[in-house]
Amino acid sequence: MADSSMQSIVIDATPARIAEVICDFPAYPEWIPAMKRVEVLTEYEDGYAAEVTFALDAGVVSDEYTVLYEYAEDLSRIEWRLVHPSKMLKVQNGAYDLVDNEDGTTTVTYTLEVDLTMPVLGMFKRKAEKAIMDAALGGLKKRVESRG
């Protein structure tokens with residue numbers, strides 16, 4: 001059974017600027033240390049990535065997986081789902097929800113649902129989920145705010 005986690009952060013930027021960074025998949029290895037390679041396999045007619053393959057190497061954990069992205073028309077929601085199981089993942093569904101705070105900042109909520117191919121103690125799984133979410137949101141905030 002997949003576990004779902006959610007975490008939010010406020011970023012000093014517009015939703016459009018944040019969505020631009022989220023959608024720049026080939027640049028992920030520049031701001032996500034465990035991400036070794038990202039390849040956009042297919043795109044929608046509007047140029048946004050559809051299928052994207054990620055190669056992850058976090059020391060004891062390495063995997064390669066492909067997800068399918070879908071976007072709200074105004075990019076206020078960017079969501080994905082695992083195309084097919086990988087070495088480590090049975091399920092991976094996620095989303096970034098971007099809410100304009102009307103003061104130049106945006107609240108970004110990251111939701112992640114994961115089910116692994118191998119059994120993992122709940123305590124370790126929760127620690128891993130927290131580390132993934134902290135890295136995703138913290139890395140996104142740092143990347144967006146450092147680029148103005």
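Visitor: How many salt bridges are there?

Guide: A salt bridge is a side-chain nitrogen of Lys or Arg within 4 Å of a carboxyl oxygen of Asp or Glu. By this rule there are seven salt bridges. This is a predicted model, with residues numbered from 1 along each chain as its sequence is written. Local features need pLDDT of at least 70, side-chain atom pairs count only at pLDDT 80 or more, totals for chains, interfaces and linings use all residues, and side-chain values use heavy atoms, with hydrogens and water left out.

Visitor: Which residue forms a salt bridge with R37?

Guide: E64 does, with the closest N and O atoms 2.7 Å apart. R37 lies in strand β2 (residues 35-40) and E64 in strand β4, so the pair ties together parts 27 residues apart in sequence. Helices (H or I, at least four residues) and strands (E, at least two) are DSSP runs, numbered from the N terminus. A network of salt bridges links R37, E39 and E64.

Visitor: Are R37 and E64 buried or exposed, or in between?

Guide: Start with the cut-offs. Buried means under 20% relative accessible area, exposed over 50%, and partly exposed in between (1.4 Å probe, protein chains only). R37 has 35% relative accessibility, so R37 counts as partly exposed. E64 is partly exposed too, with a relative accessible area of 45%.

Visitor: Where do D97 and R77 lie?

Guide: D97 lies in strand β6 and R77 in strand β5 (residues 77-82), so this pair ties together parts that are 20 residues apart in sequence. Their salt bridge has its closest N and O atoms 2.6 Å apart. D97 is partly exposed, at 21%. R77 is partly exposed, at 32%.

Visitor: What separates R17 and E20?

Guide: About one helical turn, because they are three residues apart in helix α1. R17 counts as buried, at 16% relative accessibility. E20 is exposed, with a relative accessible area of 51%.

Visitor: How many aromatic pairs are there?

Guide: First, the rule. Rings of Phe, Tyr and Trp (its six-membered ring) pair if their centres lie within 6.5 Å; planes under 30 degrees apart count as stacked, over 60 as edge-to-face and the rest as tilted. The count comes to 13 aromatic pairs. Take F25 and Y69: their ring centres are 4.5 Å apart and their planes are at 45 degrees, so the pair is tilted. F25 lies in the loop between α1 (15-22) and α2 (28-31), and Y69 in strand β4 (residues 62-71), so the pair ties together parts 44 residues apart in sequence. F25 and Y69 are buried.

Visitor: What about the rings of Y96 and Y110?

Guide: Their centres are 4.9 Å apart and their planes at 55 degrees, so this pair is tilted. Y96 is in strand β6 and Y110 in strand β7 (residues 106-116), 14 residues apart, and the pair links distant parts of the chain. Y96 counts as buried, at 5% relative accessibility. Y110 counts as buried, at 7%.

Visitor: Which residues form one aromatic cluster?

Guide: Among them are F25, Y69, Y96 and Y110, along with W31 and W80. Trace them on the model.
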